[in-house]
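Good morning, everyone, and thank you for making the time. I would like to walk you through a structure that may be new to you, and I will go slowly, one region after another.

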Amino acid sequence: MVDSEFLEELEAILIQADVGINTTERLLSGISERLKESRQREASDEEVVLRALKDEIVAVLGPPEPLRKAEEGPTVIMVVGVNGTGKTTTVGKLGHRFRAQGADVIFGATDTFRAAAIEQLEIWGERAGARVIRHEEGHDPAAVAYDTCQAAKARGADYVILDTAGRLHTHVNLMRELEKTKRVVGREIPGAPHEILLVLDATAGQNGLSQAKTFREAVDVTGIVLTKLDGTAKGGIVLAIRDSLEIPVKLIGIGEGIDDLRDFDPIEFADAIFYDLDA
Amino acid sequence: MFENLTQRLQETFRKLRGKGKLSEADVEEALREIRIALLEADVNFKVVRDFISNVKMRAVGSEVSASLTPGQQVIKIVNSELTELMGGRESKIRYAPKPPTVIMLVGLQGSGKTTTAAKLAYLFKKQGRKPLLVAADTWRPAAIKQLLVLGEKIGVEVFSAEEGEDPVEVASKGVDRGKFLGCDTVIVDTRGRLHVDDDLMAELGSMQKVIMPQEVLLVVDAMTGQDAVNVASSFDERLELSGVILTKLDGDARGGAALSTRAVTGKPIKFVGVGEKIDALEPFHPDRMASRILGMGDILSLIEKAEAAYDKDKAVELREKLKTAEFTLEDFQDQLEQMQKMGPLDEILRMIPGMSRIKGAADLQVDEHHLRQIEAIINSMTPEERRNPEIIDGSRRRRIARGSGVRVQDVNALLRQFNQVKGLLKQFGGGGKAKRRAMRKGIIPFLQ
């Protein structure tokens, strides 16, 4: 059997990747089972153990899930999250991706709270080639969402992406406001919003779980965009989120450029956690 | 999840009862739970390891003071060690002997630099200083506009250039502008950047050389996880930070990043951001932060406060009455008075371990108005009615309602709640744990 020192090293890596102590313990006991079952008890090979652990992580994360699309009419995507995770930037990148596929894209500036958030989105709209529907700062976000949906229907647009205001999930009133925006969108376009993407900062620690939970309760999050993975943070909290809340990671952000948005790849993700060990 | 943790800790500590000195086994058992608590709070893995071994050295063999259980003793040591590690006392801004004082805000993307810059400016303005904001983030779309809008809102001048201009030059011109305008404080907002981005980190270095700030403050999101140590140490190596500002503490993050950054840089946390409003910036209190990270609430001060306010004789009397379920509305009235002496109730509640972590507790507000109403209702009763609530019939209820200015339904509701509490007391008889639970339930109906 592999010595406990190696297991401790793995534990340290997982915890330092923000996987959290509960999920870390579960993963490690999971591989003990796995190794036992496969009669590899004698496998003192660290490589085998590491492989098993990575497989376990990939299994927890599940297969990659593509973004949903409306069968007909505009596909509506709501982008939500706490302050400063990169929602507006993600909206810009996402719009660019759809435009590159030849789709017609409209942004809705439903962040009417943060100073100059609307202007920020307008700049991204210009870069991505997406029209931006906006009101004045301080106006009702649901009204902006309504107008955006109307514009999308009138124009036969393919995608509507709503940039919502950052809000701490503990602020109940702000979460209600988000619910309202969602309701309005659902009334205007049947089946919408088709995706509600929670933007999560890869540097987030265990609080990420609390964020995911509260946002899911409020608006039924359908996927996660894990941003800022180009730093040294690993974003391991998504494992706990997937494990306990079953929300899949769909996209990752890896830079400030408009192209720096990728589909999530569980295998790459698992490898990245142990990058320092391999090196 | 956090609630379970507190319960687990308390479970462990219950086992460690009634011994004179802390044995190694006691301490180890307790520290196992503390370690989990700290990791759950996002304190860095290595920082936790060092911390635990320090506490262990200090705790083993130490005397358990008479008023505490061994478990509480360990908490006390952990708590004081945590507080000490985070800097003992709050730390202030270093002002330049010859104005203007220049403050540079640096950090990762989305940590809250621009918002914090405006909050700081507002704070200085309120203190009678004359601040200038400098928009040196010429990269992020609309970052300049954001600062201009905020500056206008708080009536503080903002120096800005065009998007895309050289940030070092903007910062330098900004400081000159500040001197020209006779400002005594210049706050420079910089572009968010990754600590591993060599070019951008070098850019901050040159900016620092040019504007020679008294303060270089790293803005850190309180929700940051394990990576906080890498971020803080990289920024500190490059810039020799003078301190840290912790943002978004109004969420439910336990904020272990505070301890991590402090441990790896040795630099004090000077302010904390506690909301989206422009005045939501507060001085940092290491003791409060320690309790928050530990997730045990401000339990020591709760005990202190309670001891100071509570009339001991009455407490004994009450305990006796609870045992025999002879709890009357008169006792209830006493209890309310005692509680009010301890201060605003929601403040007291926040000190209860785990309270902040209970689902929905963030928006839990004690309705002091409701409490006063209850007091008024009881005050409108005759002494006999208080001692013997069964005699309160329909006409007495109407009289009480008129006397206290409430609706009859409110009187009914109070009597119903009171009976429920009494029922619970009877049910639980004399058992210590059950009695405590019942007492808690006696308070809960008045929370909304």
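Before I name any partners, let me say how I use the word: two strands count as paired if DSSP finds at least two bridges between them. Please also keep in mind throughout that this is a predicted model.

Stepping back to the whole sheet, we find eight strands in an open arrangement with mixed pairing, and the order in chain B is β3-β2-β4-β1-β5-β6-β7-β8. Because β3 (158–160) and β8 (281–283) of chain B stand at the edges and have a single partner strand each, one side of each is left without a neighbour in the sheet. From one strand to the next, the twist averages 25°.

As for chain B overall, its secondary structure comes to 20 helices and eight strands, and of its 448 residues 54% are buried. If we take the contacts in chain B with a separation of 6 or more, 75% of them are between residues 24 or more positions apart. The chain exposes about 20,300 Å², and carbon and sulfur atoms supply 50% of that area.

Now, one residue in chain B: is B:Asp137 buried or exposed? The relative accessibility of B:Asp137 is 3%, and because buried means under 20%, B:Asp137 counts as buried. This residue lies in the loop between β2 and α6 (143–154) of chain B, and, leaving aside residues up to four places away in sequence, B:Asp137 touches B:Ala143, B:Ile144, B:Asp189, B:Thr190, B:Arg191 and B:Gly192. One of those, B:Arg191, has its charged end over the ring of B:Trp139, 4.1 Å from the ring centre.

Let us turn to chain A, and to strand β5, residues 195–201. Seven of its seven residues are buried, so β5(A) is largely enclosed by the rest of the structure. A:Glu195, A:Leu197, A:Val199 and A:Asp201 point one way from the strand, whereas A:Ile196, A:Leu198 and A:Leu200 point the other way. What does β5(A) pair with in the parallel sense over four bridges? That is strand β1 of chain A, residues 75–80, and there A:Ile77 has A:Glu195 as its bridge partner. Strand β6 of chain A, residues 223–227, also pairs with β5(A) in the parallel sense, over five bridges, with A:Leu197 standing opposite A:Gly223.

Finally, the aromatic rings, where the count over all chains comes to three pairs. Among them is the stacked pair of A:Phe98 and A:Tyr159, at 3.6 Å centre to centre with 0° between the planes. This pair links distant parts of the chain, since A:Phe98 belongs to helix α4 (residues 87–100) and A:Tyr159 to strand β4 (residues 159–164) of chain A, 61 residues apart. Both of these residues, A:Phe98 and A:Tyr159, are buried, and A:Lys69 lies over the face of A:Tyr159, 5.1 Å from the ring centre.

Note on methods
Residues are numbered from 1 along each chain as its sequence is written. Chains are lettered from A and ligands numbered from 1 in the order in which they are written. This is a predicted model: local features need pLDDT of at least 70, side-chain atom pairs count only at pLDDT 80 or more; totals for chains, interfaces and linings use all residues. Side-chain values use heavy atoms; hydrogens and water are left out. Helices (H or I, at least four residues) and strands (E, at least two) are DSSP runs, numbered from the N terminus. Axes are lines fitted to C-alpha atoms, for helices over the stretch in contact, and angles run from 0 to 180 degrees between N-to-C directions. Buried means under 20% relative accessible area, exposed over 50%, partly exposed in between (1.4 Å probe, protein chains only). Contact means heavy atoms within 4.5 Å. Accessible areas come from the Shrake-Rupley method with a 1.4 Å probe; for residues, only the protein chains shown count as cover. Rings of Phe, Tyr and Trp (its six-membered ring) pair if their centres lie within 6.5 Å; planes under 30 degrees apart count as stacked, over 60 as edge-to-face and the rest as tilted. A charge sits over a ring if NZ of Lys or CZ of Arg is within 6 Å of the ring centre and within 35 degrees of the ring normal.
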